[in-house]
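Welcome, and take a moment to look over the model shown here. The notes that follow start with one pair of residues and then widen the view.

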Protein chains: 2
Amino acid sequence: MTNSYSSGPEVMVCEVGLRDGLQMFNALFPTAEKLAWIQAESAAGVREIEVTSFVPPKLVPQFVDAQEVVHGALAIPGLCVVALVPNLKGAERAIELGVHKLNYVMSVSRTHNLRNVRREREESLADFKRIADLIRALPEHRRPRLLGGLSSALGCGYEGRVPVADVQRWAVAYAEAGADEIMIADTVGYADPVHVKEAFRAVIADVGTLPVSAHFHDTRGLGLANVAAALECGVRRFDASLAGLGGCQFVPSATGNIVMDDLCFMLDAMGMRTGVDLEKLVAVREIVARNLPGTPLYGKLAGAGLPVNYHAGATAA
Amino acid sequence: MTNSYSSGPEVMVCEVGLRDGLQMFNALFPTAEKLAWIQAESAAGVREIEVTSFVPPKLVPQFVDAQEVVHGALAIPGLCVVALVPNLKGAERAIELGVHKLNYVMSVSRTHNLRNVRREREESLADFKRIADLIRALPEHRRPRLLGGLSSALGCGYEGRVPVADVQRWAVAYAEAGADEIMIADTVGYADPVHVKEAFRAVIADVGTLPVSAHFHDTRGLGLANVAAALECGVRRFDASLAGLGGCQFVPSATGNIVMDDLCFMLDAMGMRTGVDLEKLVAVREIVARNLPGTPLYGKLAGAGLPVNYHAGATAA
């Protein structure tokens, strides 16, 4: 049958657990184990991994080994090594190390941006422009891709609902400043499928051919429903974290990113090629589990297993 | 904005935790506590509750109090009291007690039907016809609604994928036999949004004006994504269980029905009126918790709470 899902050739999933998941743990996840995780998930077919953040280690001790992790990740053939860069200085470090893709993030919510990075959004954008200019000045073979991320884009813990017009405004600003990709993030899990369609359709219409990716949290359980809604808008790039690592360790039920394993199962079942081997992917959870004892791991596929006689995309075929 | 979700006037949610959830617990959930649950969830705005099953108590001891539960539930103004009836004899008991709606279920999967009720599907359908005939012979004011449920319709733990043509065939058979409503159940959580759209669109096209409802399990995490897909097909009736009660107590991760609280939040956020007060609904979980200590309760809304400055259907408005 023909349906709105079947037009896309492929979906890119990006693992963000090593950054968005680990950042809340003060105790260092051993560097060798981070690399084991990256290696195993890459071997399972995940082609983009946000491996670290170039925030000052005194702010987030978990990323004190950023350089070593990037070095190790760059040695894995075929992997796109991504890092969060909070500012120009972080971008300079990441570029020097040869990171393939830089994720820069500002908040659409003014209050959240002020509380999170103590800057007006205009200042955040100005810093992004400096990074974009820095990249443009590099020889072509050394240029990383630059992602402009919009956090709290579908809701904010301070301001509540965020107007879609604001998301459009800052997405367009990113595009004009030289972003290679726009990312819309539902940082606190406020979105629903109707909201997702409204926001993504508006932004996609505004930024033309630039890829728009989605970063959903499963805070209120709607994460995969929101993915399905974004797919219908043509979105083909999704962040997720293995076992749903992330959220807040002080609020056990306030889970983090959508679960990579369940996301890949859904996409696979829908007939969208991700390149990921589901059984290999689920097996990588063991690396997370052994290094974070007592931390709840989320995701349903890992417990339930694949359906009997499962064939990927049986419907779409 | 106009979108495919905004056309429906209202969504009916039906609580099935007292039947589909409790059936796996041998120890009796005290009758007074069942009634407290029904009362509280009805007061929260849930207008249909499947309160019990008329299976022989020697098979499922949990439903030994079926008569008392039905009596108590019928005393609640405005509540549609639903009961599962496995056969003609169960239907006779339910009708005698004044149950408003009878849910009859057979499996689309031949193997599952044979294992579950030791009958060929044709025999199950013949029993359904006898129930429909019995109802037709009643004076109009005493006739309950009769739902024909198709379990394992989107996948079977024995047979794997179930052909959509088979779902259509048995749905049409139910319609011809006199069903007032058809229910399609993903009993073991095999469905994905593409599959849901294919199956529901096909059945809805075949059964004309008969309402088609959806009963999803969240076994592999796709429950609410499947709800969103069914909404796009025009489905406006969903089963769910408070706190996701159900599944199998021996497989902790094999969760049961979709979570009523998260379902209502999603529908509400999408601007679809359910009549349910989300905060009152979440509070009902306490009744389940105190009676099933140690049983995992699912759902994200309960832990995360409503978004800041939340207004139902802000997008759709």
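Predicted model: local features only at pLDDT ≥ 70, side-chain atom pairs only at ≥ 80, totals over all residues.

On the domain 1 side that touches domain 2 in chain A, the elements giving two or more residues are β2 (48-53), α3 (66-74) and β3 (80-84). By class, that side of domain 1 of chain A has 11 nonpolar, 2 polar and 2 charged residues.

Chain A is assigned domain 1 (9-84 + 241-317) and domain 2 (86-210). The contact draws 15 residues from domain 1 of chain A and 12 residues from domain 2 of chain A. Taken over C-alpha atoms, the centres of the two domains of chain A lie 22 Å apart.

Together, domain 1 and domain 2 of chain A bury about 1,200 Å² between them, and carbon and sulfur atoms give 64% of this area. On the domain 1 side, F54(A), L74(A) and L84(A) supply 42% of the area buried against domain 2 of chain A, more than any other three residues. For polar links across this interface of chain A, the rule finds 1 salt bridge and 7 residue pairs in polar contact.

A243(A) sits in the loop between β8 (237-240) and α10 (260-269) of chain A, and A243(A) counts as buried because its relative accessibility is 0%. N309(A) is in the segment after α12 (301-304) of chain A.

Notes: Residues numbered from 1 in each chain as written. Chains lettered and ligands numbered in written order. Heavy atoms only, no water. Helix = DSSP H or I, 4+ residues; strand = E, 2+ residues; numbered from the N terminus. Buried < 20%, exposed > 50% of the residue type's maximum accessible area, 1.4 Å probe, protein only. Domains from an automatic or database assignment. Contact = heavy atoms within 4.5 Å. Buried area = accessible area lost by both parts, 1.4 Å probe. Salt bridge = Lys/Arg side-chain N within 4 Å of Asp/Glu carboxyl O. Polar contact = N/O pair within 3.5 Å; in protein donor to acceptor, adjacent residues only side chain to side chain. Nonpolar A, V, L, I, M, F, W, Y, C, P; charged D, E, K, R; others polar.
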